[in-house]
Structures are given as structure tokens and as C-alpha cells.
Amino acid sequence: MTAAPMRVGIDGRKVPGAAGRPAIERLDLAKELGLDGVFYRTVFDMDPGLDAGRLAEHRRHADDLGLYLEAGIGNVNPYAMAEHPHLRKAGDGDTVLGFRHAIRAAAEIGCRELWVVTGGFKNFPGRFAYDRFRTDVDWSAQLEETARFLELLAPICREHGVHLNLETHEEITSFELVRLVERVGPDVLGITFDTTNLLQRGEHPLESARRVAPYVRQTHVKDCLLGIGEDGIRYQLRPVGSGVLDMAGLLGVLRDAGARPNLSLETLTSAAESGGGEDGLHPYLRPLTIELYDPVWHAMHPDLNSVELTATVRLAVEGERRVAEGGTESMAAFAGRPFSHADAVAFVQAGAAHLRSLEAEWSPPCEG
């Protein structure tokens with residue numbers, strides 16, 4: 001049997017030029033970029049009211065264009081769910097009912113692999129940007145309540161034949177995600193593998209991939225440059241194929257585990273579309289810091305061993321070497337780009353071209 005070909009698409013919130021245009025036009029823009037599909041972050045992004053007719057229109061248009069169509073639901077951490085008020089609103093105040101309506105609406109248009117998340121990155125300094133380090137509720141309590149809520153949703157998922165795919169988001173570790181999937185059940189839970197987020201937790205991308213690969217059903221594909229800073233490791237997004245990730249190795253890990261999801265690029269819209277400041281610089285190109293020198297940070301990562309953490313540090317050393325030898329721009333220079341619409345398009349197309357150049361790594365070896 002011939003394996004399905006690699007399909008490279010884009011996160012629907014990151015489509016260059018989509019700002020201010022009807023949601024359905026993201027499909028047209030993706031097609032114009034030469035991509036294979038769109039991953040709308042939530043089904044509400046297609047239509048906030050979950051109107052069956054409008055959602056079906058998205059399905060038909062995607063099919064007419066030959067594109068895959070993926071979607072999600074929202075935040076499943078009860079302590080952070082207020083940040084996604086559309087879910088409670090969809091149930092007229094009943095959050096579980098809101099999830100039921102959203103899951104049913106997605107399933108009715110054939111979207112049965114559904115992104116969910118356990119937190120959200122905040123514009124606060126240092127570790128307080130992550131829900132993991134909240135001081136009003138322990139992370140362990142957040143995980144327990146998330147598991148309990150997912151258990152409430154499990155019968156709804158089984159009824160509609162869907163998976164809720166927990167993202168490897170910045171606040172949660174791969175170890176914790178695997179435990180959640182195994183507790184609630186892989187028949188209803190899967191994982192959306194973001195290729196760089198777990199670096200925020202000190203995890204090496206290949207090791208993270210090996211842990212989550214058996215459960216991966218969706219992706220957010222990114223790359224990054226790492227460097228050494230005075231307060232920890234520095235992290236900056238880069239076009240896929242130009243950073244420190246071994247993308248061929250990551251694809252091979254997924255392939256060997258039997259996971260062959262669509263590869264949805266999570267790139268960057270222009271500085272103007274992304275809410276750039278008065279200086280015109282892109283807010284998501286300013287480097288982040290992974291606070292490896294902070295004992296509080298270490299105490300919050302009991303599963304991470306020193307061997308893996310050291311391998312992650314070596315990626316930062318490699319990033320420093322590339323900059324010093326002139327093989328890549330410094331973080332300051334890259335962040336200083338105006339990052340126009342043309343830059344955003346180039347960011348997408350470079351990533352897609354790199355992934356497609358690795359299709360041989362994606363295809364299972366021929367038998368016989």
C-alpha cells in the first residue's frame with residue numbers, strides 16, 4: 001500500500017494577509033501560497049456562532065480547493081478557561097454544553113482531530129508568562145482539574161468519534177501530556193505536536209518527539225535559533241529549516257511511530273498584522289528566555305534529567321557558533337527587521353519548501 005503523501009499547510013491564525021478578511025478566505029490565501037491545507041485554531045474561528053451552514057461552506061470550499069481542513073476547540077484547563085469565553089458562551093453559561101456544541105459542530109464537517117490547550121502565554125516578565133508558575137494555584141492542581149474536566153468530555157468525544165489533541169504548549173511538559181493521554185484514554189485524547197514549544201521546558205526536541213509520537217495526531221511546525229544569555233537560554237523563531245532543529249530527525253521519529261499527521265506551519269504574519277509597536281518591530285521576534293539559571297525553574301521540572309537538559313544547552317551553543325561564524329543572523333539583527341507582508345510570505349514558503357525537501361524522510365521504507 002502506498003503511503004499518503006506529505007501535506008504541508010498553515011495555522012489559520014498565521015496566514016499572511018488574512019487580517020480584516022472573511023475567515024473563509026484564509027483557504028484561498030493558503031492555496032495561493034502553494035500550501036495543502038489550513039488548521040483553524042478553533043472551529044469558532046470559522047464561525048463564532050457555530051452556524052452549521054457557514055461551517056459547511058468552509059468544508060465545501062476546502063474540498064473544492066483540494067485542501068485539508070483542521071480545527072480545534074480551546075482551553076481545557078479550568079483555571080485558565082475564562083481566557084476562552086467563547087466556550088462558556090456557546091453553552092449559554094454551561095461550559096460542558098459549550099464543548100458539546102463545538103465538538104458536534106466540528107464533527108459534522110468532518111473535523112474529528114481537534115486542537116486543545118492547557119494554558120496561554122502571557123505578556124508578563126520571566127516565568128510568570130506561563131500558567132505553570134501561577135502563584136494562586138499550584139500547577140499540580142491545574143493538571144488534576146484538567147484531567148477531571150477531560151474525563152467529563154470523554155463520553156462526548158466517543159459519541160462523536162473525535163480526539164481532543166492536547167498541544168505541547170509552553171506551560172506543560174511532554175511527560176505530563178503523556179500521563180494525561182494515558183489517564184483519560186488515547187481513544188479520545190491525542191497530542192498536537194508543536195516542534196519548538198517544549199524547549200521552554202528545557203526538553204530536547206528529539207527526546208520530546210520520542211515521548212509523544214505514539215499519540216501525535218496534529219502538528220504546529222516551527223523552528224528556532226537558540227543562544228546563551230546572561231539570564232538563561234535565548235529563544236527566537238526562525239523559518240523552518242534555518243534554525244537549530246533537526247527537522248529530518250523529527251519527521252523520522254513521527255514516521256517510525258506510525259504518526260503521519262498533516263504538517264501545519266505556525267509562522268508569522270507581518271509586524272503590522274501582529275500588532276507591532278510604534279517601532280514597527282515584530283512582537284514575536286523579540287527573543288524569549290528559558291530561565292535555566294533559576295532554581296525555581298528547576299524545581300518545577302522534576303521529570304527532566306540532566307542528560308537531556310545538557311543536550312538542549314548544546315543546541316544553544318550550536319546557535320552561538322552559527323552566529324559567530326556568519327552562518328545566520330544574530331537575534332538582534334533578525335528582530336530588527338521591519339518584517340513586511342513579503343517577509344511573512346517568504347517565511348511561510350521557505351518552511352514549506354524545506355519540509356517538502358524531506359519527504360523521503362517522511363515516507364516509510366519500501367517493503368520487499
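Predicted model: local features only at pLDDT ≥ 70, side-chain atom pairs only at ≥ 80, totals over all residues.

Colleague: With which other strand does strand 1 pair, and in which sense?

Modeller: Strand 1 (residues 8-11) also pairs with strand 10 (residues 263-265), in the parallel sense and over three bridges. One of the partners to look up is Ser-264 in strand 10, which is bridged to Gly-9.

Colleague: What is the strand order in the open sheet of three strands?

Modeller: The order is 8-9-11, and the pairing is antiparallel. From one strand to the next the twist averages 35 degrees.

Colleague: How many bridges join strand 8 to strand 9, and how many join strand 9 to strand 11?

Modeller: Seven bridges join strand 8 to strand 9, and three join strand 9 (residues 232-238) to strand 11. Strands 8 and 9 are connected by a hairpin through two residues, and Gly-229 has Gly-232 as its bridge partner in strand 9. On the strand 11 side, Ile-233 is bridged to Ile-290, while Tyr-235 stands opposite Leu-288.

Colleague: How should I think about side chains along a strand, and how covered is strand 9?

Modeller: The general idea is that side chains in a regular strand alternate between the two faces of the sheet. In this model strand 9 is mostly covered, with six of its seven residues buried. Helix 11 (residues 306-324) lies across strand 8 and strand 9, at about 90 degrees to strand 8.

Colleague: Helix 11 includes Glu-308. Is Glu-308 buried or exposed?

Modeller: Glu-308 counts as buried because its relative accessibility is 6%, and the cut-off for buried is under 20%. A polar atom of the Glu-308 side chain lies 3.0 Å from the backbone nitrogen of His-204. Beyond four places in sequence, the residues that Glu-308 touches include Phe-175, Glu-203, Glu-207 and Arg-211.

Colleague: Now a helix. What does the span of helix 5 tell me?

Modeller: Helix 5 (residues 95-108) has 14 residues and reaches 20 Å from first C-alpha to last, close to the 20 Å expected at 1.5 Å a residue. For side-chain direction, the general rule is that an α-helix has 3.6 residues a turn, so residues three or four places apart point the same way. The buried residues of helix 5 include Thr-95, Gly-98, Phe-99, Ala-102 and Ala-106.

Colleague: What is found at the two ends of helix 5?

Modeller: At the start, a side-chain oxygen of Asp-94 comes within 3.2 Å of the backbone nitrogen of Val-96. Just after the helix, Gly-110 takes a positive phi of about 80 degrees.

Colleague: Which non-glycine residues with positive phi are worth a look?

Modeller: Asp-92 has a positive phi of about 50 degrees, and Phe-339 has one of about 55 degrees. Asp-92 lies in the loop between helix 4 (85-90) and helix 5, and Phe-339 lies in the loop between helix 12 (331-335) and helix 13 (341-357). Asp-92 counts as exposed at 77% relative accessibility; Phe-339 counts as buried at 2%.

Colleague: Which residues touch the most other members of the largest nonpolar core?

Modeller: Val-43, Ile-73 and Leu-164 do, in a core of 110 residues. Helix 6 (residues 139-160) gives the most to this core, with nine residues. Among the contacts of Leu-164 beyond four places in sequence are Ile-73, Ile-103, Leu-150 and Val-188.

Definitions and conventions. Residues numbered from 1 in each chain as written. Heavy atoms only, no water. Helix = DSSP H or I, 4+ residues; strand = E, 2+ residues; numbered from the N terminus. Expected span 1.5 Å × (residues − 1). Buried < 20%, exposed > 50% of the residue type's maximum accessible area, 1.4 Å probe, protein only. Polar contact = N/O pair within 3.5 Å; in protein donor to acceptor, adjacent residues only side chain to side chain. Pairing = 2+ DSSP bridges. Axes fitted to C-alpha atoms, helices over the stretch in contact; angles between N-to-C directions. Contact = heavy atoms within 4.5 Å. Core = buried A, V, L, I, M, F, W, Y, C linked by side-chain atoms within 4.5 Å.
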